[in-house]
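The stops below are given in the order to select them.

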Amino acid sequence: MKVTLEEVAARAGVSLATVSRVLGRRDAVAAATRTKVLEAMNELGYSRSTLLHDAPRRLVAVSAPGNPEHWQVQVCTRVAKALQDHDLLVTRPLVETDPEPLRVAIDAGAVALVTPTLTSLHTEIPCIRVDEQSASGGDNPGGEPGSESERGSADIIAARLDLGGGMTTAFEHLQAIGHRRIGLICNDSGELAVQLIRRFRAEHPARNLGLDLEDWIARVPKSFSGGSRAVLELKDATCTAVIVQSALQLHGALHGLRNRHLQVPRDMSVVGFGDSPTMKFTGPPATVLGLDVEGLSNALIAATLNTLRITPTGLPTVPPVFRPRLIARTSTTAARQ
């Protein structure tokens, strides 16, 4: 029977995060603790091809989630190129939707997983990722990067997304031009959708008015048809503006409104989440919450190189926080009175 990291941690009497640090040769681990972990591995017969050997070229999995957002693809592309420039081998399995591609990569010798997903994947190799600013462990600014969160994760958090700040920025923009009945179109699954919904409820300008904000949240598949259907549901719920998670849903929302002979932004203002080249050419050009793709990429690259001891400069005590910024175009205008 295969020995798990949890069993090693229990035998050694340490946390899963400590075992991960020993395996990854990252962060300071007391010599006595390291010895206990190695002895437990030996006693249980634990062995992996994914320990961080001192081979001249190592394999790293750089993975976007299944059906990724455009910004996540951009981040992965930048990270993969930078790691290849440091003489690392890179594989690009998708994660979250199907565990098998990542399992194949690990069995092939991948020593680390780098991903812009917000989901804890509980991998047996170091998982270097992004998290939401207020997610588990995020309220402890003194916490070490990679420390165990309340979810039991031993992930290395290279950067945090301030989705609450981004949602506030969108609400402030829409409020300033007279919108109060603001809806949300989001994916029907995935950690990013979960966090966006949570932040939508917490930051909505009508949250204290006794209204049921659930009526203004449309959870639909990440698809053109999903966006088209959702925007009309929110229009019927008397929303005058919507925030949309994915580009596919946004294109669908614009199409759905046109099919009902409604105009953007006259009849509905629309704000997208994440910028892409196509957002400048929607009809009309979409106002969006843009993400710092370069900053997120650089944070993931630095954390990976530090974890693999290629540039052992140490990770910052508090991961950098990136707040989405509003890029105002012409898909938003003053609410009709």
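Is serine 228 buried or exposed? Serine 228 is buried, because its relative accessible area is 15% and buried means under 20% (exposed is over 50%, partly exposed in between; 1.4 Å probe, protein chains only).

This is a predicted model, in which local features need pLDDT of at least 70 and side-chain atom pairs count only at pLDDT 80 or more, while totals for chains, interfaces and linings use all residues. Residues are numbered from 1 along each chain as its sequence is written, and side-chain values use heavy atoms, with hydrogens and water left out.

Stay on serine 228, which lies in helix α8 (residues 224–236). Helices (H or I, at least four residues) and strands (E, at least two) are DSSP runs, numbered from the N terminus. Leaving aside neighbours within four places in sequence, serine 228 is in contact (heavy atoms within 4.5 Å) with Gly252, Ala253, His255 and Gly256.

Next, select the open sheet of six strands, ordered β7-β6-β8-β9-β10-β12 with mixed pairing. Its edge strands, β7 (217–220) and β12 (325–327), each pair on one side only; pairing takes at least two DSSP bridges between two strands.

Now pick β6 (residues 182–187) and β8 (residues 241–244), which run parallel and are joined by four bridges. Leucine 184 has isoleucine 243 in β8 as its bridge partner.

Last, select cysteine 76, buried at a relative accessible area of 1%, and cysteine 239, also buried at 1%. The structure holds zero disulfides, a disulfide being a pair of cysteine sulfur atoms within 2.5 Å.
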